[in-house]
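Where are the pockets, and what lines them? This report takes them in turn.

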Amino acid sequence: MNALLERIDLVPSMTSPTTLTVRIDAELMRRLEAFAAEVHFSLDDLVDQMIRETLFRNSPEFADPCHPRTVAYRAAELGRLQALRGELVSEEELDRFLADNHGTADRGSPREP
């Protein structure tokens with residue numbers, strides 16, 4: 001199976017996209033397409049995100065537990081895992097996390113009456 005992946009960047013400050021051709025098994029392509037649809041990503045954006053994540057996870061920054069990108073990544077990863085398990089996080093817990101890790105908390109949530 002041959003997949004032509006070309007990212008369409010909406011941010012003008014980014015470099016222009018480059019075409020990447022990847023040969024993958026038909027079953028893997030089916031799984032990628034199904035997952036992209038499930039998470040409401042285009043196939044291009046999903047593969048772009050996967051490549052960026054793999055590069056980050058193999059960078060020296062990721063090995064530093066105090067690096068801001070690592071802290072944010074691990075918090076997002078934990079949130080995804082909790083969501084997959086059906087666990088909910090209260091707004092108070094989120095405010096506490098933001099205050100502890102970033103010195104700020106969302107005091108004016110649009111969900112408040």
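The text below covers the pockets and their linings.

The model is predicted: local features need pLDDT of at least 70, side-chain atom pairs count only at pLDDT 80 or more, and totals for chains, interfaces and linings use all residues. Residues are numbered from 1 along each chain as its sequence is written, and side-chain values use heavy atoms, with hydrogens and water left out.

A pocket is an open set of points on a 1 Å grid over the protein atoms alone, where a 1.4 Å probe fits, with protein on both sides within 12 Å along at least five of seven lines; lining residues have an atom within 4 Å of a point. Points are joined across faces, edges and corners, and a volume is the space filled by probe spheres set on them.

| Pocket | Volume | Lining by class |
|---|---|---|
| Largest | About 360 Å³ | seven nonpolar, one polar, five charged |

Ala, Val, Leu, Ile, Met, Phe, Trp, Tyr, Cys and Pro count as nonpolar; Asp, Glu, Lys and Arg as charged; the others, Gly among them, as polar.

The largest pocket has 13 lining residues, and Gln49, Met50, Glu53, Tyr73 and Arg80 are the closest to its centre. Helix 2 (43-57) and helix 4 (68-84) each give at least two lining residues. Helix 2 provides the largest share, six residues. Helices here are DSSP runs (H or I, at least four residues), numbered from the N terminus.

The second largest pocket is also lined by 13 residues. Nearest its centre lie Ala75, Leu78, Gly79, Gln82 and Val89. Helix 4 and helix 5 (91-102) each supply at least two of its lining residues. Helix 4 contributes the largest share here, seven residues.
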